[in-house]
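Let's take a friendly walk through this structure together. Please have a look at the sequence and the 3D view before reading on.

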Amino acid sequence: MTAMTLTQSFVTALLQIVVLALFVFVAVPVIVFAERKVIGYVQLRLGYTRIAGGLHGVTGGLNRLMWWMGKLPFFSILRGFPSFIADGIKLFTKEDIVPEKADWWVFHFAPAISVVAAFTVLGIVSFSPAPLWTWPAAVPIVGGLPFAGVISDVNVGLLMLVGVASVGVYGIVLGGWASNSKYPLLGGLRSAAQIVSYEVPLTFSLLVPVVLSGTLNFTQMSQYLSGAPIQTSAGPAQMPALAILPLFIGFFIYLTCGFAETNRVPFDLPEAETELVAGFHTEYTGMKFGLFYLAEYANMIIVAAVAAAFFLGGHHFLPFGLQRFIPPSVPVVGGASFGWFLLWMALILFSYLWVRATLPRYRYDQLMHVGWKWLIPLSLANLCLAALVRYFA
Amino acid sequence: MENALAFIGRNFFLIFGLMAVGAAVAMVFSKSAVHSVLSFLFAMLSIAGCYLSLQAEFVGVAQILVYAGGIVVLFLFVVMLVELTRFKEAGGIFHVQTPWAVVAVLGACAVFIYVFRGLIFDPASKDALVLKPELAQGLDVASQNAQAVSRGLFAEYLLPFEILSVILLVALVAAVAIAKQERA
């Protein structure tokens, strides 16, 4: 590949950002819709197959439509789709209220911080090992250039991820404070304490694959997990057989902390309705609330992507380094591809919904107890285990 | 297009530096304490941008991780929980200090320029700013400075590094002890 000019790399990066943003804007509604459906099935709810209103007029027509869709083979999946559309319309058209005594600047700034932090992190996630496509030569500026599956493959990728993700907490704290109302303030503080606490075991568990492989880079990590030898600046590294043990434990610690970081069930204390109305976004309406919502789901996508890249196969079929038992010459399951990454992400996102449908919420002291007295020591012990594996293997 | 981008690329340090200075000024002069903390956050992020533009990726990202993600959050907690309104009604806490602060800042600038004039204006002094090459044997420092920094910290200067962390721990324990005494 010849070196790109500055203009070409600039335009390529812009295009990648647009594609990534579109991906998130498509993926988030899909996850929300899937959430309703999955929880409906798990908890045997009829919910989300009908909307408010009777059997007359517009709502009646939609209710009848959904009932009819449920009888058809493919369209039964889409049952509930009209009310999902209605949710979206409501979000966009709702009156945008700013409380009179709110701090105007901070109130508007807070949702933006959340979203910007989430999208910035997605910019360093490597979605695909190979370029997704090559632009045909007829395209004006970027003709003939590859369209890579990662915007910025930085060599301190993991640190960048943890750092920028920790900036996202400002959105929640400031949103709670700027509303100038008691419940949002309490919700914001709670959430910030939760996120700051769970960042510690989260980072420890993420250090396990880093200690094992000696790289912070997403692409190299994926190669390492496939069992292939990699060449890091700290020396060559290849995955020993015992490495599966710390990786396996670390994955579950990471997933637990990931649930807490994204404020999801069973750690969704910031929005504990029975105690706090709706937590930090009580006073937010319309699209500003929508941005918080978008940031939460974008953070879920990030957790899923990081878990896939650093613990599961990355771009490969089998997790935790089991990929080595499949020779690369085997078609489809032997190689690295964008599809496997998406599949792993989808599985973890499904586990989010699965957990939400089955587990009750922790009490606040229980949450802190689990975080500080169990997860932090456990993740430290696991890190020591990883260091021993690295040292002796 | 190409020239404009190259110009911006050459001057990233200047852009981020000006942003940091602007945010710092806003931090000092804003009326609300939370706005001050926000400006401080912005200044910290701009300084991280400065480090990144100097190809010190590790330091830049550590700046975001430690300052923007950790320390400023604590600042924000304190500012949000401590009522500062009574100072506001009394005409501002900073008003008395302003003339003295300006004098102190100007004095500090003069001293800084006097001490570092050789480093800044002498073209031969550029070498002093480069990381010690013997620390980074076999490493491409510009692209792998996470490894270079870790070699410095955990191999070359292990003892000073550990002593420093003990000093920080002592400060933390002392802070807790003082706070406990006041409550009793």
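Which residues in α13(A) are buried? They are A:Leu367, A:Gly371, A:Leu375, A:Ser379, A:Asn382, A:Leu383, A:Ala386 and A:Val389. A residue counts as buried if 20 or more other C-beta atoms lie within 10 Å of its own, as exposed if 12 or fewer do, and as partly exposed in between, with C-beta atoms placed from the backbone. An α-helix has 3.6 residues a turn, so residues three or four places apart point the same way.

A word on what you are looking at: this is a predicted model, in which local features need pLDDT of at least 70 and side-chain atom pairs count only at pLDDT 80 or more, while totals for chains, interfaces and linings use all residues. Residues are numbered from 1 along each chain as its sequence is written, and chains are lettered from A and ligands numbered from 1 in the order in which they are written.

Helix α13 covers residues 364–392, and its 29 residues should span 42 Å at 1.5 Å a residue; the end C-alpha atoms are 41 Å apart, which agrees. That expected span is 1.5 Å times one less than the number of residues. The helix also bends by about 35 degrees at A:Leu375, with a proline, A:Pro377, following within four residues. The bend is the angle between axes fitted to the seven residues ending at a position and the seven starting there.

Now step back to the whole chain. Chain A has 13 helices and 4 strands, which are DSSP runs numbered from the N terminus (H or I, at least four residues, for helices; E, at least two, for strands). Its C-alpha atoms fill a box of roughly 65 × 55 × 45 Å along the principal axes. Buried residues make up 42% of the 393 residues.

Chain A is divided into domain 1 (6–45 + 98–392) and domain 2 (48–93), with bounds from an automatic or database domain assignment. The C-alpha centres of these two domains of chain A lie 32 Å apart. Where they meet, 6 residues of domain 1 are in contact with 5 residues of domain 2; contact means that the C-beta atoms of two residues, placed from the backbone, lie within 7 Å. On the domain 1 side, α1 and α11 (286–310) of chain A each give two or more residues, and the largest share, 4 residues, comes from α1(A).

Chain A also has a partner. In all, 24 residues of chain A are in contact with 23 residues of chain B. The largest share of the chain A side, 7 residues, comes from α5(A). By class, this side has 18 nonpolar, 6 polar and no charged residues. Here Ala, Val, Leu, Ile, Met, Phe, Trp, Tyr, Cys and Pro count as nonpolar, Asp, Glu, Lys and Arg as charged, and the others, Gly among them, as polar.

A:Asn263 sits in the loop between α9 and α10 (273–276) of chain A. Its phi is near 60 degrees, a positive value in a residue other than glycine. A:Asn263 is buried because 22 other C-beta atoms lie within 10 Å. A:Ile141, in the loop between β1 (133–134) and β2 (146–147) of chain A, is partly exposed, with 14 other C-beta atoms within 10 Å.
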